[in-house]
Amino acid sequence: MNLLTYTLKNVAGAIITPPLVFFLITLAVMLHLKNRKIIAMQKLILGGSVNSSIELTLSQLVLGIIAGSIGSLILTSLGVVFSWNSGIAYLFVISIILMFVKPRLICFSYSAAILGAICILIKLISIFVPELKNSTILNIDIFSLMIFVGVFHIIEGILVLIDGDRGAVPIFTNKNGKILGGYALKRYWVLPIAIMIAVNMNNPSRIYTAEVIQNPNWWPLIKSSSALSLIASSVISIFPFYAVLGYSSITFTRSKREKAISSGYHILIYGITLIIITQFARFGILGEIVVVFFAPLAHEFMLKLQIKSEEKRKPKFISDEDGLMILEISTDSQLKEFGLDIGSKLLLVNNKNINSQAELCSMLKENLYNTVLKVKDSKGTIKEIQFRHNRNARFGVLLVPRNVDNEDVISVKDSSFKNVLRELRNSEYKEKYKDKEDKEDKNNKL
């Protein structure tokens, strides 16, 4: 059977064959529940949603399956192979442990570095304790391990480029006395991955669990001495499993699409660079040490580089004396009919300046059928809109305020999503209760 066909067959098996299919369903449900929370927050903030939870979940699954298939084909084509006793499974265990320590550490760059460092330490100790040379504990090939991590980052970079901006939540910060609008981006993708496992021919307890693969003449593309000796002395089979790639970032200087593109390119370049640097692992234990240290340090440098770039750039979403800038707009907002979108400015409402979203809502309620909006679209064109507000609908637009009262501030630092959502709901309830009191006072006066 052709190597590439066999790889795709195993990826497909992970999607439709028990028990892995149940794992996929579990992950899909978890992602859907997480996306429902994001949509709930969008609706509370905007009065409408930018995406649907089904759309967000399907893109994570479908794109993840496609990316997993491509990643598997790349890994098998390169000839990345692990022995059955290598301890590659510990890579995922370490990632999960690191995730609980700090969520961003779930990245394979850190778990692979830890796993590689332990392997190197065992090798060094075995110089003085010869008994460890034949040990089956963490007998992992660092060259294959880091190629694996590099390929994963290339795949992650592509996913971020394509899908990283979906489900972004608008946020605000205060800098030098000015309110800045921005976005918090967070996405996860479920990838079915098939990797090659080599089983020793002389191991009777393992030989029947493996299958001989007919390899083309060009294979493997990357030839390392350890991998070639492993292939020559073992039976090669491909086993499927699931991985989860995650991406999170914050920007106040770019649109969410621009930020996703910028982050995607950084991750892509890091993955390619790691694969190049991994070639040092061919030259023995010193080369392996270089690679193991490079992976996490270069990853941290990549993140710092993005932070520095963010700090140097000018804020993109900031309201000024001219008007209030639109930070987000729901798919069903009436203003979309007039060609307004993110980056447009609301200049005047009935020839009056407004300072915040609350003032806009108040004026719309007072002038349901007689509202004139003076706006400037993202191209700089100024126009007046005869706007008729639907009493039963929210405006569907989030504006960057010029200033915010302290009692209206909801901090997200060190707060769980559940707490932030509760605070938003409480603030919405207070707003409705205040409107009800105002109406009652007005009726009593009449």
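Start by selecting Glu328, which you'll find in strand 5, residues 324-329. Keep in mind that you're looking at a predicted model. Is Glu328 buried or exposed? Its relative accessible area is 1%, and under 20% counts as buried, so Glu328 is buried.

Now show the side chain of Lys256 as well: a polar contact of 2.7 Å joins it to the side chain of Glu328. Next, bring up the other neighbours. Leaving aside residues up to four places away in sequence, Glu328 touches Lys256 and several others, including Leu46, Tyr183, Ile342 and Gly396.

Time for some helices. Select helix 5 (residues 108-128) and helix 9, the latter spanning residues 285-312. Their axes come within 9 Å and cross at roughly 160°. Angles over 145 degrees count as roughly antiparallel, so that's what helix 5 and helix 9 are. The crossing is left-handed. Zoom in on where they meet: among the residues involved are Ala113, Gly116 and Ile120 in helix 5, and Val292, Ala295 and His299 in helix 9. By class, this contact has 11 nonpolar, three polar and three charged residues.

Finish by selecting Ile142, Met146 and His153 in helix 6, which meet Glu288, Val291, Val292, Ala295 and His299 in helix 9. Sorted by class, you have five nonpolar, two polar and one charged residues here.

Technical notes
Residues are numbered from 1 along each chain as its sequence is written. This is a predicted model: local features need pLDDT of at least 70, side-chain atom pairs count only at pLDDT 80 or more; totals for chains, interfaces and linings use all residues. Side-chain values use heavy atoms; hydrogens and water are left out. Axes are lines fitted to C-alpha atoms, for helices over the stretch in contact, and angles run from 0 to 180 degrees between N-to-C directions. Helices (H or I, at least four residues) and strands (E, at least two) are DSSP runs, numbered from the N terminus. Contact means heavy atoms within 4.5 Å. Ala, Val, Leu, Ile, Met, Phe, Trp, Tyr, Cys and Pro count as nonpolar, Asp, Glu, Lys and Arg as charged, and the others, Gly among them, as polar. Buried means under 20% relative accessible area, exposed over 50%, partly exposed in between (1.4 Å probe, protein chains only). A polar contact is a pair of N or O atoms within 3.5 Å; within protein, one must be able to donate a hydrogen and the other to accept it, and residues adjacent in sequence count only if both atoms are side-chain atoms. Angles under 35 degrees count as roughly parallel, over 145 as roughly antiparallel, 65 to 115 as roughly perpendicular and the rest as oblique. A crossing is left-handed if the near helix is turned anticlockwise from the far one by less than a right angle, and right-handed if clockwise.
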